[in-house]
Amino acid sequence: MASDASSDDTYREFRSDVERADREFARVRDLPPYIRGPHHLVYQSKVFKAYTDLWKFQQSHRRELVASGLRRWEIGELASRIGQLYYGQYMRTGEWRFLLGAYVFYEAILERGYFEKSEGKMQDPGLRFKELRFVARFLVVALLVNRAEAVKVLAERLKSLVDESKAAYPETSFKEWKQILHELNRFLKADKEFENSRSLRYNLSFDSYPNSIPLIAPFYSKRVLRLRDAILTSYHRNEIKFTELTIDTFRMLQCLEYEPSGSQPSSATKQPAENGALTDYSGVASGLIDISLASDLADPSMPVNPRKAVIYHPTVSHVISVIASVCEELPSDSVLLLYISASGDHSFGHKKIDNPWARKDTKPDTHACSGSPVWLGPRGNGGLNYLFPEDLVPFTRSPLFLIVDSENSHAFKVIHGAERGEPAAMLLSPSVSPSDLTSSGSLFTYFLTAPLQAFCHLVGLSSEFYASISSEVEQLLSSSLADIEEALCASKGMDRVWAQVLPDPFLRRLILRFIFCRGVLLNYSKEKDSAHLPVCVPSLPEVVSPTSVRNHVFLLADKLGVVERFPSFR
């Protein structure tokens with residue numbers, strides 16, 4: 001009897017700790033991804049400590065807790081919460097170690113089958129939904145760490161779970177999960193269009209060119225800006241997405257991170273302990289879980305990634321509030337990258353929207369761009385969903401690197417000259433794209449994040465052919481980009497807007513890929529008007545003009561056997 005009473009007391013203490021940890025979890029989960037600072041650090045520390053203590057407690061009292069009714073899936077729920085905390089911290093900071101920590105916890109949950117039903121027992125529908133949500137979360141993490149085999153297994157697992165659920169629970173609707181499966185299939189088809197492609201992340205050995213180092217050094221004698229914060233958002237009808245990651249933001253997110261030297265999660269699941277033995281982090285259910293895991297998985301050789309706020313399907317007011325929050329905390333030696341991928345409203349040029357803030361005693365501004373917004377939000381809410389170029393002008397009090405991928409992107413050129421203190425650097429997509437974004441995402445974003453795959457997609461090469469020649473053409477493209485970088489860095493009379501961001505490796509790589517993309521589209525398009533070409537504002541030096549990179553485009557087209565696809569080369 002005394003033993004039973006002790007077990008009950010232990011179980012009640014455990015339940016009390018669970019409720020406390022859940023409250024701390026909800027507080028951190030509900031914080032916007034762009035909120036940083038001391039308050040967030042306090043909340044984060046509290047919630048990690050709460051779950052660390054909770055895990056140690058259930059581990060030390062497992063026998064009594066099981067005897068009092070602790071179920072297997074509840075242990076999995078604890079580990080899943082810790083995985084979610086790591087993933088949330090990764091999305092907030094951009095630090096790879098947190099993403100890797102999430103992968104380790106999720107992998108252990110899957111391997112130990114915490115959410116699977118007991119043999120011979122009917123699983124509760126609520127528990128089945130927990131398992132579905134867990135697999136979906138794990139899929140996102142596996143996609144971000146580029147574990148192709150794990151993604152394949154998880155995708156099959158999700159499909160089988162949905163099929164089993166429809167048969168086992170005929171009175172429960174799984175329509176939402178059928179839609180999620182459809183979105184996943186589209187996403188994987190676009191993401192794996194070319195198998196065995198290089199990672200989108202910045203590789204210190206592959207993406208940096210030694211010959212340019214002495215040419216970049218002089219830029220440091222003047223003002224240099226570093227990319228420390230980025231805001232990424234995308235909103236298109238019927239766009240390719242999975243959960244809250246669209247294919248465009250998924251690519252751009254990775255493009256703004258360094259490739260870790262030890263990037264495979266499986267190699268980090270076992271770490272040497274002080275006594276020389278191995279601490280197995282993959283055995284989460286029977287081993288050590290504490291807040292030091294992320295530190296143990298850290299790669300000390302990797303530079304710090306920029307922080308990124310990924311905003312899924314926002315309203316215009318939400319985007320503006322996020323930009324304002326980030327700009328307020330932006331260090332003086334930093335530049336904010338703002339990436340917007342959204343549809344333009346073709347019919348808007350025939351509409352007239354009154355501006356309530358316009359002065360009645362002034363003449364209309366002939367340079368105003370109120371006729372060419374981009375559209376954020378669902379159709380039907382009128383001007384509430386229009387993001388105008390003028391909306392971004394107040395944020396040019398801080399350095400701004402703007403990328404707009406839209407049919408109306410060229411309208412944003414009017415920001416140039418209207419800045420409130422800092423001249424903005426802008427990369428603007430073509431107004432007319434030769435590729436349908438519903439099949440593989442935006443072509444312009446594709447070129448900025450994966451230029452070789454974008455080139456192959458543009459000319460219609462198969463995945464099989466790409467796989468057979470990818471290493472050779474990767475080296476050819478790398479050589480071309482190295483030549484372009486040397487020419488750019490050695491050029492005279494470069495606008496200071498570009499000169500002050502060129503030393504940053506992420507921004508420099510984006511600029512080089514923009515130059516390459518512009519050269520490709522100039523030679524690919526039959527029409528030579530500006531609508532079919534991307535635009536940079538202010539202009540880059542003439543030495544990297546579209547015509548100057550013609551030979552690099554030809555060499556790549558010739559290597560791939562697609563010269564006939566380019567009218568300029570016929």
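**View A. Arg251 over the ring of Tyr446.** The charged end of Arg251 sits 3.9 Å from the centre of the Tyr446 ring, over that ring. For a charge to count as over a ring, NZ of Lys or CZ of Arg must be within 6 Å of the ring centre and within 35 degrees of the ring normal. This is a predicted model, where local features need pLDDT of at least 70, side-chain atom pairs count only at pLDDT 80 or more, and totals for chains, interfaces and linings use all residues. Residues are numbered from 1 along each chain as its sequence is written, and side-chain values use heavy atoms, with hydrogens and water left out.

View B. Helix 10 covers residues 247-255, and nine of its nine residues are buried, so the rest of the structure largely encloses it. Among them are Phe250, Arg251, Met252 and Leu253. Buried means under 20% relative accessible area, exposed over 50%, and partly exposed in between (1.4 Å probe, protein chains only). Helices (H or I, at least four residues) and strands (E, at least two) are DSSP runs, numbered from the N terminus.

View C. Phe25 and Tyr51 make an edge-to-face aromatic pair, with 6.2 Å centre to centre and 80° between the planes. Phe25 belongs to helix 1 (residues 2-29) and Tyr51 to helix 2 (residues 38-60), so this pair ties together parts 26 residues apart in sequence. Both Phe25 and Tyr51 are buried. Arg81 lies over the face of Phe25, 4.3 Å from the ring centre. As for the cut-offs, rings of Phe, Tyr and Trp (its six-membered ring) pair if their centres lie within 6.5 Å; planes under 30 degrees apart count as stacked, over 60 as edge-to-face and the rest as tilted.

**View D. Tyr87 and Tyr90 in helix 4.** Here the aromatic pair is tilted: Tyr87 and Tyr90 are 6.2 Å apart centre to centre, with 40° between the planes. They are three residues apart in helix 4 (residues 72-93), so about one helical turn separates them. Tyr90 is buried, at a relative accessible area of 1%.

View E. Phe447, Phe455, Phe516, Tyr524, Phe554, Phe566 and Phe569 come together as one aromatic cluster. Searching the whole structure turns up 28 aromatic pairs. Zooming out, the chain has 20 helices and twelve strands, and 55% of its 570 residues count as buried.
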